[in-house]
Amino acid sequence: MIMTETKPNVAAGHRITELSLNHKALELSESNADEPAWLLSARKDGAERFAELGIPTLHDEDWRFTNVAPIARLAFKPVLAPAPHGVTGEALRQLGAFAGGKLVFVNGRFAPELSSIAKLPEGVKVMSLAAALAGEPALVEKHLFRFARTDLNAFTALNAAFFEDGAFVYVPAGKAVAEPIHLLFVSTARDNGNTAHPRNLIVAERGSRVTVVESYVSLGDAAYFTNSVTELVAGENAVVEHLKFQDENQQAFHIATVAAHLGRASNVVTHSIALGAKLSRTNIYATLAGEGLECILNGLYLTRGEQLADHYMVVEHAQPHCASHEYFNGILADKSKGVFHGRILVRPGAQKTDAKQTNKNLLLSDDATAATKPQLEIYADDVKCTHGATIGQLNDESIFYLRTRGIPLEKARRMLIHAFAGEIIDRVRSEPVREELDKLVWDRLEQNEEVTVNK
């Protein structure tokens, strides 16, 4: 292993890659030996790309607000045992139960005894990705690795090399799934450095409808690492709602990539809710690949203590007559930090683009900080694109207005804070999902002294 001071990102990358490749070499001789050639090739490409890129540093423009060096310092320990470690249905219910059938993954591996999927319309497939690779290899190969490419970022490459399992959701043309599908990822990590690389593939073909909730939670307090990737494909006229919910423990590290490829006249809304983890980063890449589609990216991050929550996204308008709207709100307490870095890219020929980007941050303490960087990159001349960002504390005039109506100071503050979060939650279209999310966010806000204290 080569360690240098002049290239810390490469050194850190080599450190993790060396540990991971040693582990992977052992596994390839056992469980991965029967994988198809195209998958083995993709794994090799991911490992080589990660070794080339290394862990990003603050010198990388897209990571300059978020220091991921603590991840590189972890002693990575892939979780080899697939057992659920005593996880029970009651324990899962206490973590928050989104409506609908669910696939449960414990430490990155499918737990069929904890999962329950109701009867689905004919042709709809909801299963673990490992099972899909074994039973539907041609269907999986058609989409896997096509959109969350290894060159997007180092962590996506790392996932491609070392993922073990995840979820596969396939909705054929014209089919509608009435109830939300819940993908629940539970960590029971007991050792610092335990690592999982879940990978999900969601495919909604022409004219289909589906809602998918993807959530990450903890039953332990170790400093583990989750590195997830989700590829979402929406065909022509498909209607898709996707919600990613992250509430891992206060010592965990969470890096995620959501890569969406959207077809003509589709309607897609994706939400990212970040409540947990010591450090979290969600990368969202949306390619608007067909004319006349609408895409909404909606997000909320609540941080406290010394948490850091980062959202980075690129929305690529590749075709004309498309609309994209991004709304991200952050509520930051104590010494925590929120980061928003969003880029709208309008390709030549993508005329009549309508794109809007908004980031608002509410600071509940003098020590909380927010970094926001909205960007527009436009190569077409007939477009309507706007962006805006705000960082500030509660508005004194709004508090005064509520107090003149006889509302006590503490209650006025709480009403304004909850309303700020409600702007994002109200955009969740699925009523049962919205109600459960509202309860989870309300409870989390009420646990925060910066919200409930009388100031």
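Modeller: Helices here are DSSP runs of H or I with at least four residues, strands are runs of E with at least two, and both are numbered from the N terminus. Helix α2 covers residues 37-53 and α7 residues 154-162; they pack at an angle of about 145°, with axes 7 Å apart. The axes are lines fitted to C-alpha atoms over the stretch in contact, and angles run from 0 to 180 degrees between N-to-C directions.

Before going further, please keep in mind that this is a predicted model, in which local features need pLDDT of at least 70 and side-chain atom pairs count only at pLDDT 80 or more, while totals for chains, interfaces and linings use all residues. Residues are numbered from 1 along each chain as its sequence is written, and side-chain values use heavy atoms, leaving out hydrogens and water.

All 7 of the 7 residues in β6 (residues 181-187) are buried, so the strand is largely enclosed by the rest of the structure. Buried means under 20% relative accessible area, exposed means over 50%, and partly exposed lies in between, using a 1.4 Å probe and protein chains only. Both faces are covered: I181, L183, F185 and S187 lie on one side, and H182, L184 and V186 on the other.

Next, look at the partners of β6. Strand β2 (residues 102-106) runs parallel to β6, joined by 5 bridges, and K102 has H182 as its bridge partner. Strand β9 (residues 209-218) also runs parallel to β6, with 7 bridges, and there V212 stands opposite I181. Two strands pair if DSSP finds at least two bridges between them.

Finally, zoom in on F185, which sits in β6. With 4% relative accessibility, F185 counts as buried. Leaving out residues up to four places away in sequence, F185 touches F105, G166, P198, N200, E214, S215, Y216 and V217; contact means heavy atoms within 4.5 Å. By the same rule, L183 touches L103, A167, V169, N200, V212, V213, E214 and S215. F185 and A111 are 74 residues apart along the chain, with their C-alpha atoms separated by 9.9 Å.
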